[in-house]
Amino acid sequence: MATSGAGDGCSSLNGFVSEIEQKQFTDLPAELLEYILCFPVLKHVDICNVSCSCKRLHDVCHGRGKVWGHQYKLRWPRLQKHYRQNECCDWLKEYRTRHTVGLQIRRTVVSISQRFFTEVVLGDSFAEIESLGAPEHFCEDELLSILNSDRRKSLTLKYYAKKILYFLRQKNILRSLKMFLEQPAEQQSALEGALLVDQYCNPLADVSLDGISSQLEEITDKIKKMLRIKNPSHPSLRVTQGWSGLRNDFDLQRQVVVTLNAVLYEQLQYKGNECDYYNPLNSYIHQVLLRRTGIPISLSVLYMTLARKLGVQLEPVNFPNHFLLRWCQQQRGSGDIYDFVYIDAFGKGKQLTAKECEYLIGHQVTADYYNAISTTEVLLRMVGNLLNIGKRGEGNEKSYQLLRDSLDLYLTINPDNVQYLLLQARLYFHLGIWPEKVLDILQHIQALDPSQHGAVGYLVQHTLEHIQHKKHPVDPEVKRRSAPEHLELQYSVGLIMKHKRSGYNCAIYGWDPKCTMSQEWITTMRVHQLSSGANQPFYNVLVQDGTCRYAAQENLEPHSAPLEIAHPEVGRYFSEFHDSHYVANEELQTRYPEDMAETLGTVRDLYHRLMPSPKRSSQT
């Protein structure tokens, strides 16, 4: 039976009741009443109405019963994983709590859009979500509901919901990392630690230890399959719980290592990413498995984990500029660097002597660099790589996010590193976020290293000024295209454009009547070569490749076939995509109050002109 709302549900129930009126509906067994009231057409409003009709039905619809359990599971199916099967729970209470949390989350997300439109990073806004005191899985479920709604609508709501979800998940991952670091060193797995780093930098990705372990088991099975052909009686083929490995049988170990190399590098085609070495994806375990490429440390973690599964104990070596693994060739442990074979996982598992390791990097090193390191030190090296990539970035939100994430991780592992504490304070200060946290960091730096008082004092002074400035916000600049100085404008906010020279597609989210960039930028971009130079309107545009650019009016033209722009910042400025253009959100319309009317007119005129004329009928 089709239905469109709660009223139809009640009508359906009333119709059903009328059919069995002679049998006295309320005299039916409780199990049958529950079955009827779990009919999919009935909504929570219907159940509330039914339970108020008489004591008998009120008892059947009690909070811990099947009826409210069904309503809860029907409305929020993603939450079922948080409950045990057949768990006895006050479903009515859970329903009310989840419903209330949903309303609170949506109100908070809407308010964030209004107050943080000009912020590069949503600094203090996350504290509001935490202050709700709501169950985290309820908050996450509501945020996911927002993100999974109509793809073209509620773009601003989705933009901020995504940022909040990012923060909430990161908070939980950081908690897991701290618990991991509290474990005894011998219980810490390099794979699990690397996965936590991966998850923290990619909190919205579906990355889990179970998923990664499953992929590694598949690779292990391939290695065993090939090993079985070479040596059907190899002990690694019948691994049992509590197995201590191959110990001192180096011939059997060598068979494992040779087979591992054959499967990983020849059959599965894993390789070091020499062409795009500084891509952060090379450091994330799930991406290494997906793309079958990485850098020395990520490939070493993968290699070491696979070897250990097959009984070969390898140790991580913090070699400068090129992470390595070492494989002891002596029956009893040795401190002599020449008693080890060194494995280059980046170089397809090539085995090196201590001297050949120096050839690899082009200079000599002391014996200390050949020592095995702990899992904690592996993570510091891995996060340090990400930090360096973040510092090499272009100063956009993506590089700032990587720098923030890697600093969070590094200082969780090594909280007293003055160099990175100062970098974190400077980054927050530069982004204008968390000024109170900046002061806390600076106080900690001063306690650790009083010699930093100069840098600390400068940042303290300017952070206090920033706090005072935030107490007196400035009204946004309003640009009206009807103003005399704006008469040369041809385009408006929300239009989908094409760059005549570069060919990229983009959406306009702002404009200036003349170029406002520095003389250095104007010279670098050769603006003087344009026919109107810098003395023409320039537009802020979101480009399909994820960049933000500043384009001259003469270089832009309306797109003949407007399409959505897959840019991460679209929701910051626009509320929806409407077939041929973007609709500015309230915050952008406040700054450009006359643009949307202009955009609608342009779209109407453009499509009227481009629309093919209808063919005349050959019949009269």
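Some housekeeping before the tour. Because this is a predicted model, local features need pLDDT of at least 70 and side-chain atom pairs count only at pLDDT 80 or more, while totals for chains, interfaces and linings use all residues. Numbering runs from 1 along each chain as its sequence is written, and side-chain values use heavy atoms, with hydrogens and water left out.

Let's begin with the whole protein. Its secondary structure comes to 24 helices and 13 strands; these are DSSP runs numbered from the N terminus, with helices being H or I of at least four residues and strands E of at least two. Along the principal axes, the C-alpha atoms fill a box of roughly 90 × 85 × 75 Å. Of the 620 residues, 48% are buried. By buried I mean under 20% relative accessible area, with exposed being over 50% and partly exposed in between, using a 1.4 Å probe and protein chains only. Contact, for us, means heavy atoms within 4.5 Å. Among contacts between residues at least 6 apart in sequence, 61% join residues at least 24 apart.

Now to the cores. A nonpolar core is a set of buried Ala, Val, Leu, Ile, Met, Phe, Trp, Tyr and Cys residues joined through side-chain atoms within 4.5 Å. Which members of the largest one touch the most other members? They are Ile-219, Leu-264, Tyr-270, Tyr-303 and Leu-314, out of 85 residues. Apart from that core lies another, of 42 residues, with Ile-47, Cys-61, Ile-112 and Leu-157 among them.

Leu-264 brings us to helix α12, where Leu-264 is one of the buried residues. Other buried positions in α12 include Phe-250, Leu-252, Asn-261 and Tyr-265. The cover over the buried residues includes α11 (209-230) and α14 (296-309), together with β4 (324-328), β5 (340-344) and β6 (350-352). Beyond four places in sequence, Leu-264 touches Ile-219, Gln-269, Tyr-270, Leu-302, Tyr-303 and Leu-306. Gln-269 has a feature of its own: just after α12, this residue takes a positive phi of about 65°.

Val-256 also sits in α12, which spans residues 250-267. Is Val-256 buried or exposed? At 1% relative accessibility, Val-256 counts as buried. Leaving aside neighbours within four places, Val-256 is in contact with Leu-227, His-234, Ser-236, Leu-246, Leu-310 and Val-312. Gly-311 is 55 residues away along the chain, yet the C-alpha atoms of Val-256 and Gly-311 are separated by 8.3 Å.

Next, helix α8, residues 136-147. Its twelve residues reach 17 Å from first C-alpha to last, close to the 16 Å expected. Buried here are Phe-138, Cys-139, Asp-141, Glu-142, Leu-143, Leu-144 and Ile-146, and what covers them includes α5 (66-75), α6 (91-115) and α9 (155-181).

On to the aromatics. The whole structure holds 22 aromatic pairs. Rings of Phe, Tyr and Trp (its six-membered ring) pair if their centres lie within 6.5 Å; planes under 30 degrees apart count as stacked, over 60 as edge-to-face and the rest as tilted. Tyr-277 and Tyr-278 form an edge-to-face pair, 5.3 Å centre to centre with 75° between the planes. Tyr-277 is partly exposed at 28% relative accessible area, and Tyr-278 is partly exposed at 47%. Tyr-410 and Tyr-420 are edge-to-face too, at 4.5 Å and 65°. Tyr-410 lies in helix α17 (397-413) and Tyr-420 in helix α18 (418-431), so the pair ties together parts that are ten residues apart in sequence. Both Tyr-410 and Tyr-420 are buried. There is also one aromatic cluster formed by Trp-68, Tyr-72, Trp-76, Tyr-83, Trp-91 and Tyr-95.

Two arginines deserve a look as well. The charged end of Arg-326 sits over the ring of Phe-340, 3.9 Å from its centre, and Arg-392 lies over the face of Tyr-278, at 3.8 Å from the ring centre. The cut-offs are NZ of Lys or CZ of Arg within 6 Å of the ring centre and within 35 degrees of the ring normal.

Terms used
The expected span of a helix is 1.5 Å times one less than its number of residues.
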